[in-house]
Amino acid sequence: MKIKITELREKVAVGVSKLGYTEADADAIVDTLLYAEKRGNNQGIPKIATGGVPHASEVEEFRIAKENKCGVLLSGGHSMATTAKAADKAVELAKIHGVGVACVNHTFTSSGSIGYFVRRISKAGYIGFMCVGNGNFAAVAPTGSAERKLGTNPLAYAFPYDGGEVVFDNATAAIAYFGVVQAMLKGEPLPEGVALNSKGEPTTNPKEVIGEMEGESVGGAIKTFADHKGFGLSLFVQLMGSAFSLAGIPGAHEEDGGGTFILAIDPGLLSGKDEYMKRSRELVEHIKSAKPIPGQEVLLPGERGDRRARQGEGTGEIEIADGVWNELCKFIEK
């Protein structure tokens, strides 16, 4: 169904407020969710009614755990709100030192569409990279196994160029966990080859992936994308978003929660910003000049979602699945 963006923002804000978030934290959560929803990203409003945004009283108190010359470790708070602070801090450090590193731990909540945060860095004029280790949440099996050992472990980057920014945001899993949630809410099957049931057999039924066993929200397992290639990247993300960020992993240091690694780089650190912007634009133009296969189009990372967002902003409304909208309204009316 078509929903006005103003009404959607209002409903999401009510839902976030109902969960106990206020002021800047509430704004960061609402903005992150709407960023995803406007781009057709499955990290959007289903999180409100399904536990991706728990009550504010359930999250740890925010604090600065450690800070040094070019790095900062932030702890606690809702992941979306704390990650927004971390992205801004990484930029602040990069302005001074050319490079800024910010990490987050002790978050036990979804970080949402992390493209939102690297875009925030890029819009400030810096190159951004980010990856998220999912703490004790395990939904993904390493290649060669059907046992859940990894998070969905997303990574994202954004770089500015003359004319805009390129934004890549992708789970190292074959499908994001909330992609499975969204499919279940819509009553749709999963794509072939992305998931296994609890017996290790391929499945397209999201209900066989999302179980309810002793409070766990995962029944089967999601696969990594491109098998061993995705597994290799997932392990890297888990290292930076867990070990480096002093966060937890399934079965170890779980009290340290989920972790996030953010890197902001001054694009003019070595070449001068003008030269960087010129060369990055040349790169974008070179890629976009590739002759498309008949019936297809060469799109930069993030370009499809940005088009959808611009279209929605132009018309003032976007398409929301009935099941997703009804779930949000039901939650608000409780």
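The sections below take up the basis of the values, then the helices, the pocket and a single threonine.

## Basis of the values

This is a predicted model, in which local features need pLDDT of at least 70 and side-chain atom pairs count only at pLDDT 80 or more, while totals for chains, interfaces and linings use all residues. Residues are numbered from 1 along each chain as its sequence is written, and side-chain values use heavy atoms, with hydrogens and water left out.

## Helix α1

Helices (H or I, at least four residues) and strands (E, at least two) are DSSP runs numbered from the N terminus. Helix α1 covers residues 5–18 and spans 20 Å between its first and last C-alpha, close to the expected 20 Å, where the expectation is 1.5 Å times one less than the number of residues.

Its buried residues (under 20% relative accessible area, with exposed meaning over 50% and partly exposed in between, for a 1.4 Å probe and protein chains only) are Ile5, Leu8, Val12, Gly15 and Val16. They lie on the same side of α1 because they cover an arc of only 95 degrees around the axis, the arc being that of the directions from the helix axis to the C-beta atoms. Thr6 and Glu10 are exposed on the face turned away from that buried side. The buried residues of α1 pack against several elements, including β1 (2–4), α3 (46–50) and α10 (322–333).

## Helix α10

In α10, twelve residues reach 16 Å from first to last C-alpha, close to the 16 Å expected. Val324, Trp325, Leu328, Cys329, Phe331 and Ile332 are the buried residues of α10. Seen down the axis, they fall within an arc of 160 degrees, so they line one face of the helix. They pack against β1, α1, α3 and α6 (177–186).

## The second largest pocket

A pocket is an open set of points on a 1 Å grid over the protein atoms alone, with protein on both sides within 12 Å along at least five of seven lines, and lining residues have an atom within 4 Å of a point. The second largest pocket holds about 190 Å³ of space. Among the residues of its lining are Lys66, Val101, Cys103 and Phe244, and β3 gives the largest share, three residues.

## Threonine 82

Threonine 82 sits in helix α4 (residues 79–97) and is buried, with a relative accessible area of 1%. Beyond its neighbours within four places in sequence, threonine 82 is in contact (heavy atoms within 4.5 Å) with Phe62, Leu74, Gly76, Gly77 and Val104.

Key. 1 Å grid on protein atoms, 1.4 Å probe; cavity = no way out; pocket = protein on both sides within 12 Å on 5 of 7 lines; lining within 4 Å. Points joined across faces, edges and corners; volume = space filled by probe spheres on them.
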